[in-house]
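Please examine the model shown below.

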Amino acid sequence: MAETEDALTIRAVAERLMKAHPQLDAGLVRSSVQTAYEELRYARVRAYLPVLMERRAQDLLPSEVTE
């Protein structure tokens, strides 16, 4: 079964953040990305969803790690 566009976006954002912060637990990164998606899922302009999700997810990650 093919993944939805949103599922692909969630996975891509999580993978980018895990590569950027390999010291973080993968589950924590996925959880922050999922939370960011839930907050932004009804955005009217979908083109910016990946960027907004990544920024929001980074805000949700521990601050001492993302600096």
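Predicted model: local features only at pLDDT ≥ 70, side-chain atom pairs only at ≥ 80, totals over all residues.

Residues are numbered from 1 along each chain as its sequence is written, and side-chain values use heavy atoms, with hydrogens and water left out.

Helices here are DSSP runs (H or I, at least four residues), numbered from the N terminus. Helix H2 spans residues 26–40 and reaches 21 Å from its first C-alpha to its last, close to the 21 Å expected at 1.5 Å a residue; the expected span is 1.5 Å times one less than the number of residues. Val29, Ser32, Val33, Ala36 and Tyr37 of H2 are buried (under 20% relative accessible area, 1.4 Å probe, protein chains only). Viewed down the axis of H2, these buried residues fall within an arc of 140 degrees, so they line one face of the helix; the arc is that of the directions from the axis to the C-beta atoms. Their cover includes helix H1 (5–20) and helix H3 (49–60).

Thr9 lies in helix H1 and is buried, with a relative accessible area of 15%. The table lists contacts (heavy atoms within 4.5 Å).

| Residue | Touches, not counting residues up to four places away in sequence |
|---|---|
| Thr9 | Pro50, Met53 |
| Leu17 | Val29, Val33, Glu54, Ala57, Gln58 |

The largest nonpolar core has 13 residues, and Leu17, Val29, Val33 and Met53 have the most contacts inside it. Such a core is a set of buried Ala, Val, Leu, Ile, Met, Phe, Trp, Tyr and Cys residues joined through side-chain atoms within 4.5 Å.

Key: Helix = DSSP H or I, 4+ residues; strand = E, 2+ residues; numbered from the N terminus. Buried < 20%, exposed > 50% of the residue type's maximum accessible area, 1.4 Å probe, protein only.
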